[in-house]
Amino acid sequence: MVVRAVVFDLFDTLVDLSMQDLPRVEIAGRSVPSTAGLLHEVVAAHTDVDFARFLAVLTDVDRSFRETRHAQGLEFPTLERFEKVVARLGVDAPELPRLLTETHMDLIREQVTIPGHHGRVLEDLSHRARLGLCSNFSHAAMALSLLDDCGFRAHLDALAISEAVGVRKPRAEIFEAVLAELGVAPEEALHVGDSLTADIGGAAPLGIRTVWITRRVADREAALRDYAGPRPDFVIADLSEVEALLDRP
């Protein structure tokens, strides 16, 4: 069947995200890249809490919601995350969760790089198919701002971001949401992403043809060995290879 739509993952597919350049902090005797140090500075401006206490609360909130929502494929919005942290710290500062969210997302945004040719790739593809985004991300506003800043949003006909949809890949609902907005059947779409579990494992059972992009995959063979789900229909190293797939049976 003719490909009428191409759906993209966001991070490490349309744009690259490297967390290794975040500020480093000491956690359990190890120096690790993290936003926690600057987040603590924001909290410390409102209440007398040391870094160890802040980190313990943040870690416990994250663990709790990984074991509940993420285990069920549900999103845990960044703002809600920090609302929980502030509440557990017992801080009476209604503006603090928003400040923490902004600080965290500003730091994440600084770690994003945009391959220079991707805008041209999207523009060329937009003349041949409808384009969509299907992304696991806990703060839709930052994702949308990023897409605006790099000029990609103008080429996208549909957006499904997990914070807005409420569920995360590989759950079917987020793929179904973007397909519905694009107005195409699963077999008329390609889904392009870097995660075998989230992207390939989520899209393939719906009948969407899948494209595994390995530009940011450190060890492709190891990733395949560790993955028990459906194999990708296509494997590419660069986004520029997608257009040729539109003509493949």
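**Exercise 1. Identify the residue that stands opposite Glu-26 in strand 4, and describe the pairing around it.**

Solution. In this predicted model, Glu-26 faces Ser-31 of strand 4. Finally, consider the connection: two residues lie between strand 3 and strand 4, which form a hairpin. In the turn, Ala-28 has a positive phi of about 55°.

**Exercise 2. Determine how helix 3 and helix 4 are oriented to each other.**

Solution. Two packed helices are described by the angle between their axes and the distance between the axes. For helix 3 and helix 4, the axes come within 8 Å and cross at roughly 130°. This angle falls in neither the roughly perpendicular range of 65 to 115 degrees nor the roughly antiparallel range over 145; the two helices are therefore oblique to each other. As to handedness, helix 3 passes helix 4 in a right-handed crossing.

**Exercise 3. Characterise the largest pocket by its volume, its lining and the helices that contribute to it.**

Solution. Begin with the volume: the largest pocket holds about 940 Å³ of space. Its lining comprises 35 residues, and those nearest the centre are Met-19, His-70, Phe-137, Ser-138 and Arg-168. Sorted by class, the lining has 15 nonpolar, ten polar and ten charged residues. Turning to the helices, at least two lining residues come from each of helix 2 (51-67), helix 3 (78-89), helix 4 (96-110) and helix 9 (196-203). Helix 2 gives the most, with six residues.

Notes: Residues numbered from 1 in each chain as written. Predicted model: local features only at pLDDT ≥ 70, side-chain atom pairs only at ≥ 80, totals over all residues. Heavy atoms only, no water. Pairing = 2+ DSSP bridges. Helix = DSSP H or I, 4+ residues; strand = E, 2+ residues; numbered from the N terminus. 1 Å grid on protein atoms, 1.4 Å probe; cavity = no way out; pocket = protein on both sides within 12 Å on 5 of 7 lines; lining within 4 Å. Points joined across faces, edges and corners; volume = space filled by probe spheres on them. Nonpolar A, V, L, I, M, F, W, Y, C, P; charged D, E, K, R; others polar. Axes fitted to C-alpha atoms, helices over the stretch in contact; angles between N-to-C directions. Parallel < 35°, antiparallel > 145°, perpendicular 65-115°, else oblique. Left-handed = near helix turned anticlockwise from the far one by under 90°.
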